[in-house]
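Here is a set of questions and answers for a reader who is meeting this structure for the first time.

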Amino acid sequence: MLKVWKMKKQQASDEKTKPRNSAAKIRIQKDISELDLPSSISITFPNEEDLLKFEVVIKPDEGYYKNGSFHFRFSISENYPHDPPKVQCTQTIYHPNIDLEGKVCLNILREDWKPVLNLNSVLIGLQFLFLEPNPDDPLNKEAASELRSNLQSFKRKVTRSMGGEYMDNVYYTKVTV
Amino acid sequence: MNSFYTQPSAFEPDFVPDANLSDRVAETKVLVIGAGGLGCEILKNLVLSGFEQIHVIDMDTIDVTNLNRQSLFRDADVGKPKAQVAAEFVNTRVSKNVITAHYNRIQDKDEEFYRQFEIVVCGLDSLDARRWVSAMFVNMVDESDPSSLKPIIDGGTEGFKGQVRVILPTLNACHECASSMHSKKVTYPICTIANTPRLPEHCIEWASVVQWPKVHEGLKLDADNIEHMQWVYSTALKRADEHGISGITLSLAQGVVKNIIPAIASTNAIISASCVNEALKIVTGCHPYLNNYMLYVGDSSVYSHTFELEKKEDCLVCGNAKVTIEVSKTITLEELIEEIKINNSLQLKKPSLRTDKNLYMQAPPFLEVKSRPNLKKQLYELFESNSTLTVTDPSLMTSVSLTVTFTD
Ligand SMILES: [Zn+2]
């Protein structure tokens, strides 16, 4: 023990120490303060002092989902960046990779997440889902098979659902502004 | 043990033989984290090595499946807290109160609790718990008080493999420094889980990740709660039957949810014994201790390797540069930012500053606009002298801790 303490004394004079904030908070401060987003993505904080919880709105400027405004709730765990951000769509939308409960199928939010990825890459990836929905990774199987087999009908259904109406017994949230 | 304390060491020239060292060992307050397979062995070996002030903390209760390798538990103990049964067993065996039990989650105890110990021996099966322990003890180090540094000896096993680490918080590599070495938690694509399960693990993930939150809204799945796990098991089993998949068991479900690799009694014994030897050497100084990582590989014949894991300069937990700056309390935040931009040891471009509140955030627009009025405020309106600010900047790998001292 004496040896360890002696080493510590020696090092203390070298003036290298640790921060008081948690690793997750430091990392999310870095991610958030260095966000570089297109105007189609915006981010707001219900409590601006709490960087671990925020809301994201994506307004695609092209593609099937143009003119929609899609809302997501993000929560960052104390294990960030070892764990990916938790993302939930807060609306009921018709999308091959987002189910009716708001779960999102995006590889970098799960199996392909790595701590070197950051919030910016997640937000860009999320926006990409609206520009290029991926029928090979379906969460909403019906929407995916529609996209694959009948593009015209898929487009019609997207437009109808975005206006806010019942389709096959599901009420979709109005997302057009 | 005494012969080791009264003879010079061939490997530790600074060691001064001292017959009183066995008293020193008996008086050392040691904390054992985890009373499972590793913990039982660690407790036994600590006591047999002369430690008499041992505390053990564990949140688990004894399960039937533990009895084959957790040597301090018997059939009649099933359902009781591991920490208490282990402590009672050893105390009875040596007819002395040498172990104090804490049936708690590690997170339920505060810094005050952890500060009373001199040394920590960890026998944990989860990365998250290890990360928590390491961060807690790094944060506890007070630069002006060397005894605030508590060595952590961290043992871990996975089947026939294991490792022992000696962590001297803030002095050498912490748990976070080594995070790139840890095997990643296995995750399966959610689309596969939802649509095309092929493995029993897929069905268990479906039950725990997809179905659980749907059916038990707001209730967090607890892998240590047997009713929760029964539900996951039966839900997964039903799903597996529907897809013609076999191999679902309750212990597999527990393993998948907790992400555990099965433990083997003998690997636990090897690793635990090695942990306790390191504790003894660190406390007494009688021989050089492990610097700082020992790998034991028993699944490809037998192989062992010791190496020094380097501390990461940009580690989020222990490696951040600390800079102190002295300024008048009447300068504005904007002036402080200009000051740190031209500071030679920092050389920042677009710094964002926070205490536990936003001082100034460069992005996103929502936070920039809200924090912009602070730029014109004088420092004393925003924080006290000697406050520590977390500064992030695109030119920094992680962050800098900036302590601001007022000169007036
Ligand atoms: Zn570190």
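Q: What are the ends and the make-up of the span 23–167 of chain A?
A: In this predicted model, the end C-alpha atoms of residues 23–167 of chain A lie 45 Å apart, and the span is 31% helix and 15% strand. The unreviewed UniProt entry annotates these residues of chain A as "domain: UBC core".

Q: What makes the peptide bond from A:Y80 to A:P81 cis?
A: Its omega is near 5 degrees, and the bond is accordingly listed as cis. A:P81 sits in the loop between β3 (70–75) and β4 (86–89) of chain A.

Q: Which residues of chain B does a cis peptide bond join, and what is its omega?
A: The bond joins B:N291 and B:N292, with omega at about -15 degrees. B:N292 belongs to the loop between α11 (265–284) and β7 (293–297) of chain B.

Q: Why is B:C191 called buried?
A: Residues count as buried when their relative accessible area is under 20%, and B:C191 has a value of 5%, so the term applies. The residue lies in helix α7 (residues 190–195) of chain B, and UniProt, in an unreviewed entry, lists B:C191 under "active site".

Q: How do you know which residues B:C191 touches, once those up to four places away in sequence are not counted?
A: Contact is taken as heavy atoms within 4.5 Å, and by that test B:C191 touches A:C105, A:D137, A:P138 and B:T196.

Q: Which domains does the assignment give for chain B?
A: The assignment gives domain 1 (3–183 + 262–307), domain 2 (191–258) and domain 3 (322–406). The C-alpha centres of domain 1 and domain 2 of chain B are 33 Å apart.

Q: How do you know that the span of helix α9 (residues 226–242) of chain B is close to the expected one?
A: The helix has 17 residues and reaches 24 Å from its first C-alpha to its last, which is set against the 24 Å expected at 1.5 Å a residue.

Q: Which residues of α9(B) are buried, and what puts them on the same side?
A: The buried residues of α9(B) are B:H228, B:M229, B:V232, B:T235, B:A236, B:R239 and B:A240. They cover an arc of only 140 degrees around the axis, and therefore they lie on the same side of α9(B). As a general point, an α-helix has 3.6 residues a turn, so residues three or four places apart point the same way.

Q: What covers the buried residues of α9(B), and which residues are exposed on the other side?
A: The cover includes α7, α8 (200–215) and α10 (250–258) of chain B, whereas B:E227, B:K238, B:D241 and B:E242 are exposed on the other side of α9(B).

Q: What is found at the start of α9(B) and just after it?
A: At the start of α9(B), a side-chain oxygen of B:N225 comes to within 2.8 Å of the backbone nitrogen of B:E227. Just after α9(B), B:G244 adopts a positive phi of about 65 degrees.

Q: Why is A:D168 called exposed?
A: The term needs a relative accessible area over 50%, and A:D168 has 58%, so it counts as exposed. A:D168 lies in the loop between β5 (166–167) and β6 (170–171) of chain A, and its phi is near 45 degrees, a positive value in a residue other than glycine.

Q: Why does B:S301 count as exposed?
A: With the limit set at over 50%, the 60% relative accessibility of B:S301 means that it counts as exposed. B:S301 is placed in the loop between β7 and β8 (303–307) of chain B, and its phi, near 55 degrees, is positive in a residue other than glycine.

Q: Why does B:S352 count as buried?
A: Buried requires a value under 20%, and B:S352 has 1% relative accessibility, so it counts as buried. B:S352 is in strand β10 (residues 352–354) of chain B.

Definitions and conventions
Residues numbered from 1 in each chain as written. Chains lettered and ligands numbered in written order. Predicted model: local features only at pLDDT ≥ 70, side-chain atom pairs only at ≥ 80, totals over all residues. Heavy atoms only, no water. UniProt positions renumbered as here; feature names shortened; annotations may be inferred. Helix = DSSP H or I, 4+ residues; strand = E, 2+ residues; numbered from the N terminus. Buried < 20%, exposed > 50% of the residue type's maximum accessible area, 1.4 Å probe, protein only. Domains from an automatic or database assignment. Expected span 1.5 Å × (residues − 1). Arc of directions from axis to C-beta. Polar contact = N/O pair within 3.5 Å; in protein donor to acceptor, adjacent residues only side chain to side chain.
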